[in-house]
Amino acid sequence: MAKRIEVKDLDIYYDKFLAVQGVSMTIEPRSVTALIGPSGCGKSTFLRTLNRMHELVPKARAVGKVLMDGHDLYGPQVDPVAVRRHIGMVFQRPNPFPTMSIYDNVVAGVRLNNKRMKRSEMDALVERSLRSANLWEEVKDRLKRPGSGLSGGQQQRLCIARAIAVQPDVLLMDEPCSALDPISTQAIEDLMLELKQQYTIVIVTHNMQQAARVSDVTGFFNLRSIGEPGGLVEMDETTKIFSSPSNKATEDYVSGRFG
Amino acid sequence: MSSSTELTHPDNQPQPPPEAPLFEKPVSRFGDRVFSSSAMGAGVLILVILAGVAAFLLVEAWPALWADPDEVPGGDGIVLYVWPLLFGTLLAALFALLLAAPLAVAIALFITHYAPRRLATALGYVIDLLAAVPSIIFGLWGLSELAPLTVEPTRWLEENLGFIPLFEGPASATGRTMLVASIVLAVMILPITTAVIREAFLQTPRLHEEASLALGATRWEMIRQAVLPFGRSSIIGGAMLGLGRALGETMAVAIVLSPSGGVTFNLINNGNPSTIAANIALDFPESSGLDINVLIASGLVLFAVTLLVNMTARAVINRRRDFSGAN
């Protein structure tokens, strides 16, 4: 299920503005890849090109190649909707559908895929997804209640359950813990370590301890200078990035000497 | 920060106990007073106006409610006098709503999610402009333009769909039918209904739209999953506002409809009842004595019905509050 992503010379534009330039990287399956870097350097923008969410901004586009197990996600015949069905995403702020119950939130993606599913299969899927997201025990008695009634951390785990219910190949997480308290953050980090057994996970984070705790590989993004596009500075094993990075800017950033 | 370092500083003397309590009784500020009293004044004012209207209707309608049936126009008592009018009012308004509500939702969706921005803005202005047209103009348009246009189609409806009670016929030769009145009403309530729904659709959180798209929803699926549920109570609210306007609309119906007082679902013949408001407008100038009380009694009924419609709408909206996304 987990798939490898290869990015080759990716340039990302907002209209005529080049936001991110020349990113090439390989994201290994069954691992957590963390993207770190200062605000505005294009980490989130880059993440959103991996499931073609970037182009939802009017006039935004990406040039280059993104291959998932060899299939070009930006090929001329590729439907972005199909890409998004294979690559799930969890957002910065928890965003369960407020008009839906917890149960309906979990199966929202499955219902989109137009699969005819028996009631019992659907029940099993809901339980399995919520268990995977470590949320089942907390919500099993109120599956019919609205998802917006949960706490922030529970809502975020509900969003993760919703994303994995469709069994994606890759899971993208855009600062998934930045709106959460430390306990909820810990719960989500534990969850990431479990989920990486099955999925390819890419996480954008501002929290360097978090990157150090959960990721196998870390990529450091930075702006070349003010007004210049952002880009990938260095990417390596997380232990190496945090102990002996080969780039001076990376070292400054991870040791807190930056800015 | 600075106060805590001062406290731990060895040279810092302990503060003498304050002579007066730090927090005295609440201060009454001028701006707060003006705001709260003007807000309350406005709230009370609307209640007073409403109560005044209700009292006027009740007092003036009272004699008609207890009058001898023979003295009421038609000679069958107040209930049988008002009933066809109420029926006509509800039929015209509901049919107008049936036409306008889906159209309003579609227009609002087009403006907010499909049209290019420039076209959307222009279209928004045009819709708002519709609301600025006086109702008598709509009435004249309905009478002189729309009514003749419907004569042929209604004949076709009668011949081919005559088994449906709505189109039983015989089709009117002038076109001054309930169908045309309803269409005119639908056009008139379209702006307010569209405006309310459009606002709601515009406020759909980007977060929820993206949640849906990231799951692999197409645009239409995203609208069904995120936009429509979010706007649900506003759709009901907009529709009910429209219904309220359609119930009370006077001039357009008075001009278009050529009523004969029958109680029938038939939309295309000449046997339609009038509506309460149009009937008051047409008969009031020639009425005196008890007839006026009877007309006002029909107005009281309209008042009650409109109140009921609005309360029902509120109840429908509140029932789904947990799921509205407002929390």
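1. The structure is predicted. Local features are described where pLDDT is at least 70. Side-chain atom pairs count only at pLDDT 80 or more. Totals for chains and interfaces use all residues.

2. **Chain A overall.** Chain A has ten helices and ten strands. Its C-alpha atoms fill a box of roughly 55 × 45 × 30 Å along the principal axes. A compact globule of 259 residues would have a radius of gyration near 18 Å, and chain A agrees because its own value is 18 Å.

3. **Packing in chain A.** Of the 259 residues in chain A, 55% count as buried. Take the contacts in chain A with a separation of 6 or more: residues 24 or more positions apart account for 68% of them.

4. **A buried arginine in a loop.** A:R52 sits in the loop between α1 (43-50) and β4 (60-68) of chain A. Is this arginine, A:R52, buried or exposed? A:R52 counts as buried because its relative accessibility is 10%, under the 20% cut-off. Leaving out residues up to four places away in sequence, A:R52 touches A:L73, A:Y74, A:G75, A:V78, A:P80, A:V83 and A:R84.

5. **Extent of the interface.** On the chain A side, 29 residues are in contact with 22 residues of chain B. The two chains bury about 2200 Å² between them. Carbon and sulfur atoms carry 62% of that area.

6. **Polar pairs across the interface.** The rule finds two salt bridges between chain A and chain B. Five residue pairs are in polar contact across the two chains, with both residues at pLDDT 80 or more. Four elements of chain A give two or more residues each to the side that touches chain B: α2 (80-86), β6 (87-90), α3 (102-112) and α6 (152-165). By class, that side of chain A has 15 nonpolar, seven polar and seven charged residues.

7. Side chains of opposite charge can pair when their charged atoms come close. The model holds 19 salt bridges over all chains. One of them joins two chains, because B:E221 lies in helix α8 (residues 219-248) of chain B and A:R85 in helix α2 of chain A. The N to O distance between the side chains of B:E221 and A:R85 is 3.1 Å. How accessible are the two partners, B:E221 and A:R85? B:E221 is buried, with a relative accessible area of 9%. A:R85 is partly exposed, at 22%.

8. B:R206 forms a salt bridge with B:E209, with the closest N and O atoms 3.6 Å apart. Both residues lie in helix α7 (residues 206-214) of chain B. B:R206 and B:E209 are three residues apart, about one turn of the helix. B:R206 also forms a salt bridge with B:E210, where the closest N and O atoms are 3.8 Å apart. B:E210 and B:R206 are separated by about one helical turn because they are four residues apart in α7 of chain B. Both glutamates count as buried: B:E209 has 9% relative accessibility, and B:E210 has 8%. B:R206 is partly exposed, with a relative accessible area of 42%.

9. **The network around B:R206.** Which residues do salt bridges with shared partners join into one network? They are A:R48, B:R206, B:E209 and B:E210.

10. **An exposed proline in chain B.** B:P21 is placed in the loop between α1 (2-8) and α2 (30-65) of chain B. B:P21 is exposed because its relative accessible area is 59%, and the cut-off for exposed is over 50%. B:P21 and B:L241 are 220 residues apart along the chain. Their C-alpha atoms are separated by 54 Å.

Note on methods:
Residues numbered from 1 in each chain as written. Chains lettered and ligands numbered in written order. Heavy atoms only, no water. Contact = heavy atoms within 4.5 Å. Buried area = accessible area lost by both parts, 1.4 Å probe. Salt bridge = Lys/Arg side-chain N within 4 Å of Asp/Glu carboxyl O. Polar contact = N/O pair within 3.5 Å; in protein donor to acceptor, adjacent residues only side chain to side chain. Nonpolar A, V, L, I, M, F, W, Y, C, P; charged D, E, K, R; others polar. Rg over C-alpha atoms; globule rule 2.2 N^0.38 Å. Buried < 20%, exposed > 50% of the residue type's maximum accessible area, 1.4 Å probe, protein only.
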